Amino acid sequence: MAAGLRKRGRSGSAAQAAGLCKQWLQRAWQERRLLLREPRYTLLVAACLCLAEVGITFWVIHRVAYTEIDWKAYMAQVEGVINGTYDYTQLQGDTGPLVYPAGFVYIFMGLYYATGRGTDIRMAQNIFAVLYLATLLLVFLIYHQTCKVPPFVFFFMCCASYRVHSIFVLRLFNDPVAMVLLFLSINLLLAQRWGWGCCFFSLAVSVKMNVLLFAPGLLFLLLTQFGFRGALPKLGICAGLQVVLGLPFLLENPIGYLSRSFDLGRQFLFRWTVNWRFLPEALFLHRAFHLALLAAHLTLLLLFALCRWHRTGESILSLLRDPSKRKVPPQPLTPNQIVSTLFTSNFIGICFSRSLHYQFYVWYFHTLPYLLWATPARWLTHLLRLLVLGLIELSWNTYPSTSCSSAALHVCHAVILLQLWLGLQPFPKSTQHSKKAH
């Protein structure tokens with residue numbers, strides 16, 4: 001009798017869920033004109049696009065030729081570790097030395113065995129196809145929680161980008177691996193799982209160092225949420241994981257490991273640059289140019305932190321205090337505060353990068369819809385925003401890059417930066433005075 005009641009209960013709950021789903025679909029059909037414009041339909045549109053992406057990605061793998069660039073080098077570098085070489089200065093591939101942190105080694109070691117020592121390219125492509133779909137799922141979950149971007153934009157984020165499909169399943173770069181871990185980290189932060197979020201953020205950094213462009217935003221969020229003392233354990237998680245992952249290599253040659261895997265002064269080749277083609281090569285390679293870009297990067301981060309991210313009316317130094325001891329009572333961070341701060345931090349770094357190579361597109365591609373649509377701007381209509389997206393895509397698909405394509409990319413970046421600066425209003429002065437009087 002008890003078993004019968006349990007069966008009825010399960011069937012009843014299943015029928016109730018099916019009924020709710022049917023009502024939701026009926027409502028969506030009745031409001032189909034709003035389906036592509038209202039963010040509340042993000043998950044429905046996302047489900048349709050993910051199904052379409054399964055077919056598109058399958059077609060790309062089987063119909064478009066694979067291009068070998070770095071995969072064999074990755075496998076050779078990993079094979080060196082498997083054979084017992086832990087000195088980073090001795091690990092080489094066809095395209096040069098190993099320049100990625102230890103997390104890259106462990107993940108691609110797994111891929112090495114899963115693909116028959118790197119020889120089964122089709123298996124590797126299928127794994128990266130799954131990785132691509134997982135990335136889309138994580139990105140859609142972020143957009144669902146922010147409720148800012150109209151769903152019609154997601155078509156351009158999915159099916160319309162040849163370059164991104166190529167980076168994932170036709171080139172097999174390590175950049176997508178780092179970004180899927182990063183988007184998982186952001187989802188954990190949105191769920192208020194700050195420890196796990198920092199853990200996966202650090203894991204993403206251990207695959208490729210570009211994820212550090214999000215670090216200023218993450219530090220600001222940690223200080224806002226916990227204060228200096230409360231943020232230290234979370235920062236300890238980030239640092240501790242790097243030490244644990246890199247321990248075998250640190251014990252063998254610590255200077256070699258740190259100088260290779262976290263080489264901030266690495267020189268890029270002019271022939272591969274997407275963003276600075278209009279400059280003379282001598283200027284592109286000049287140390288003073290690199291320092292100027294770094295100064296501009298840090299200055300803009302500071303301006304956004306002071307004038308746009310920090311909006312309580314207190315001094316920014318108040319972030320160092322325990323939240324309970326601040327003059328303005330702390331408010332829980334909203335999904336949009338978290339996402340906006342992280343995406344903007346990364347985007348500022350992209351704008352002032354010493355060089356952008358074609359695979360670097362995935363560093364910020366999935367964040368562009370949010371950066372363009374999250375902040376209100378009457379002067380930037382839907383059509384103009386789509387034009388900016390289109391020009392960015394065109395710039396990244398121009399090979400080899402030209403002076404015009406690089407200049408167009410910078411113009412689009414400048415438009416987005418202006419939109420972010422004007423859209424995120426600082427804390428109102430009148431409110432500040434009223435709080436002081438209170």
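Predicted model: local features only at pLDDT ≥ 70, side-chain atom pairs only at ≥ 80, totals over all residues.

Student: Which residues of α4 are buried?
Tutor: Trp-71, Ala-73, Tyr-74, Met-75, Gln-77, Val-78, Gly-80 and Val-81.

Student: Which residues have a positive phi although they are not glycine?
Tutor: Arg-117 is one, with a phi of about 60°. Gln-192 is another, at about 65°.

Student: Where are Arg-117 and Gln-192 placed?
Tutor: Both are in loops: Arg-117 between α5 (102-114) and α6 (121-146), and Gln-192 between α9 (175-190) and α10 (194-205).

Student: Buried or exposed, those two?
Tutor: Arg-117 is exposed, with a relative accessible area of 61%. Gln-192 counts as partly exposed, at 38% relative accessibility.

Student: What is Gln-225 in contact with, leaving aside neighbours within four places in sequence?
Tutor: Gln-192 again, along with Trp-194, Pro-323 and Leu-333. Gln-225 itself is in helix α11 and is partly exposed, with a relative accessible area of 23%. Its C-alpha atom is separated by 9.0 Å from that of Asp-322, which is 97 residues apart from Gln-225 along the chain.

Student: Staying with α11, how do the axes of α11 and α15 cross?
Tutor: The axes of α11 (residues 215-252) and α15 come within 7 Å and cross at roughly 150°. Angles over 145 degrees count as roughly antiparallel, so α11 is roughly antiparallel to α15.

Student: Which residues make that contact between α11 and α15?
Tutor: On the α11 side, Pro-216, Gly-217, Leu-218, Phe-220 and Leu-221; on the α15 side, Gln-337, Ile-338, Thr-341, Leu-342 and Ser-345. By class, the contact has 6 nonpolar, 4 polar and no charged residues.

Student: Now the other end of the chain. How many residues does α18 have, and how far does it reach?
Tutor: Helix α18 (residues 403-423) has 21 residues and reaches 30 Å from its first C-alpha to its last, close to the 30 Å expected. Its buried residues include Ser-405, Leu-409, His-413, Ile-416 and Leu-420.

Student: What covers the buried residues of α18?
Tutor: The cover includes α14 (287-309), α15 (335-351), α16 (368-373) and α17 (382-397). In the loop between α17 and α18 you will find Pro-400, joined to Tyr-399 by a cis peptide bond with an omega of about -10°.

Student: Which residues does Leu-386 touch, not counting those up to four places away in sequence?
Tutor: Leu-386 touches Phe-152, Phe-156 and Trp-373. It is found in α17 and is partly exposed, with a relative accessible area of 23%.

Student: Back to α10. Is Ala-204 buried or exposed?
Tutor: Ala-204, which is found in α10, is buried, with a relative accessible area of 0%. Leaving aside neighbours within four places in sequence, Ala-204 is in contact with Ala-178, Leu-181, Leu-182 and Val-211. Ala-204 and Gly-103 are 101 residues apart in sequence and 7.9 Å apart in space, C-alpha to C-alpha.

Student: One more helix. How far does α3 reach?
Tutor: Helix α3 (residues 42-63) has 22 residues and reaches 30 Å from its first C-alpha to its last, close to the 32 Å expected at 1.5 Å a residue. Among its buried residues are Leu-44, Val-45, Leu-49, Cys-50 and Ile-61.

Technical notes
Residues numbered from 1 in each chain as written. Heavy atoms only, no water. Helix = DSSP H or I, 4+ residues; strand = E, 2+ residues; numbered from the N terminus. Expected span 1.5 Å × (residues − 1). Buried < 20%, exposed > 50% of the residue type's maximum accessible area, 1.4 Å probe, protein only. Contact = heavy atoms within 4.5 Å. Axes fitted to C-alpha atoms, helices over the stretch in contact; angles between N-to-C directions. Parallel < 35°, antiparallel > 145°, perpendicular 65-115°, else oblique. Nonpolar A, V, L, I, M, F, W, Y, C, P; charged D, E, K, R; others polar.
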